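Please keep the sequence and the model in view while reading.

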Amino acid sequence: MSSTSTITRRRVRTAVLAVLTLLSLAAVTPLAATAASATTTPVVYNYASGWNSPTVRPQWVTIGQGGSPMAHTWYWNTWGTWTAKSTGTLWTNNCIPNCALGKTSYHKLYVTLDWIKWHGSTRYFYRMKWYTPGYHLRGYSSTAVLHFGLQGGTAPGWH
């Protein structure tokens with residue numbers, strides 16, 4: 001075997017190794033970027049704020065304005081990358097004779113946030129479940145499932 005063919009084989013082998021190394025780095029980099037972005041802490045949006053004021057572990061979650069129910073989430077048991085759970089109090093207004101003069105009542109509440117979506121570069125909880133043992137929200141059983149987003153308007157909210 002000539003020295004020229006040995007040198008050519010080494011160059012080919014070196015070139016092949018270099019290409020394989022670059023290909024393996026190209027394949028791993030998107031996975032690493034996905035894993036890194038998936039670990040960012042998700043936020044929750046409140047209805048009156050629309051896409052403004054994203055919050056981690058909020059003390060209040062408001063689903064509407066005026067006489068709409070509000071969750072006083074005074075303790076978050078967990079706030080992870082895929083789900084969050086809270087124990088709190090549901091505040092409701094009976095709006096009789098109107099919401100300004102209505103009576104507020106308070107109920108034990110368990111909140112679960114999950115189903116991650118993106119708004120721009122921000123991960124947020126899209127689905128919220130309210131479980132109120134012994135109390136039924138109007139139009140729901142003791143469990144209400146709400147989703148955050150647009151529904152026939154320009155401002156997103158809990159629906």
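## A buried threonine

The side chains of Thr 87 and Asn 77 make a polar contact at 3.3 Å. A polar contact is a pair of N or O atoms within 3.5 Å; within protein, one must be able to donate a hydrogen and the other to accept it, and residues adjacent in sequence count only if both atoms are side-chain atoms. Thr 87 belongs to strand S3, which covers residues 84–93. Helices (H or I, at least four residues) and strands (E, at least two) are DSSP runs, numbered from the N terminus.

Thr 87 counts as buried, at 12% relative accessibility. Buried means under 20% relative accessible area, exposed means over 50%, and partly exposed lies in between (1.4 Å probe, protein chains only). Leaving aside residues up to four places away in sequence, Thr 87 touches Thr 73, Trp 74, Tyr 75, Asn 77, Lys 108, Leu 109 and Tyr 110. Contact here means heavy atoms within 4.5 Å.

## Basis of the model

This is a predicted model, in which local features need pLDDT of at least 70 and side-chain atom pairs count only at pLDDT 80 or more, while totals for chains, interfaces and linings use all residues. Residues are numbered from 1 along each chain as its sequence is written, and side-chain values use heavy atoms, with hydrogens and water left out.

The predictor's confidence in each residue is called pLDDT and runs from 0 to 100. Its average over the protein chain is 77, and 73% of the residues score at least 70. Over residues 14–38, pLDDT stays under 50, and the model has five contacts beyond four places in sequence for them.

## Overall architecture

The protein chain contains one helix and seven strands, arranged along the sequence in the pattern α-β-β-β-β-β-β-β. Of its 159 residues, 30% are buried. Among contacts between residues at least 6 apart in sequence, 39% join residues at least 24 apart.

The protein chain exposes about 9,800 Å², and carbon and sulfur atoms supply 60% of this area. Accessible areas come from the Shrake-Rupley method with a 1.4 Å probe; for residues, only the protein chains shown count as cover.

## The salt bridge

Side chains of opposite charge can pair when their charged atoms come close. A salt bridge is a side-chain nitrogen of Lys or Arg within 4 Å of a carboxyl oxygen of Asp or Glu, and the count comes to one. Asp 114 and Arg 127 form a salt bridge, with their closest N and O atoms 2.8 Å apart. Asp 114 lies in strand S4 (residues 104–119) and Arg 127 in strand S5 (residues 122–131), so the pair ties together parts 13 residues apart in sequence.

Asp 114 is buried, at 13% relative accessibility, whereas Arg 127 is partly exposed, at 23%.

## The disulfide and backbone geometry

The structure holds one disulfide, a term for a pair of cysteine sulfur atoms within 2.5 Å. Cys 95 and Cys 99 form a disulfide with their sulfur atoms 2.0 Å apart, and the link is right-handed, with 100° about the S-S bond. Cys 95 is partly exposed at 22%, and Cys 99 is partly exposed at 35%.

Cys 95 is found in the loop between S3 and S4, and its phi is near 55°, a positive value in a residue other than glycine. Pro 97 is placed in the loop between S3 and S4, and the peptide bond from Ile 96 to Pro 97 is cis, with omega near 5°. Trp 115, in strand S4, has a positive phi of about 60° although it is not a glycine.
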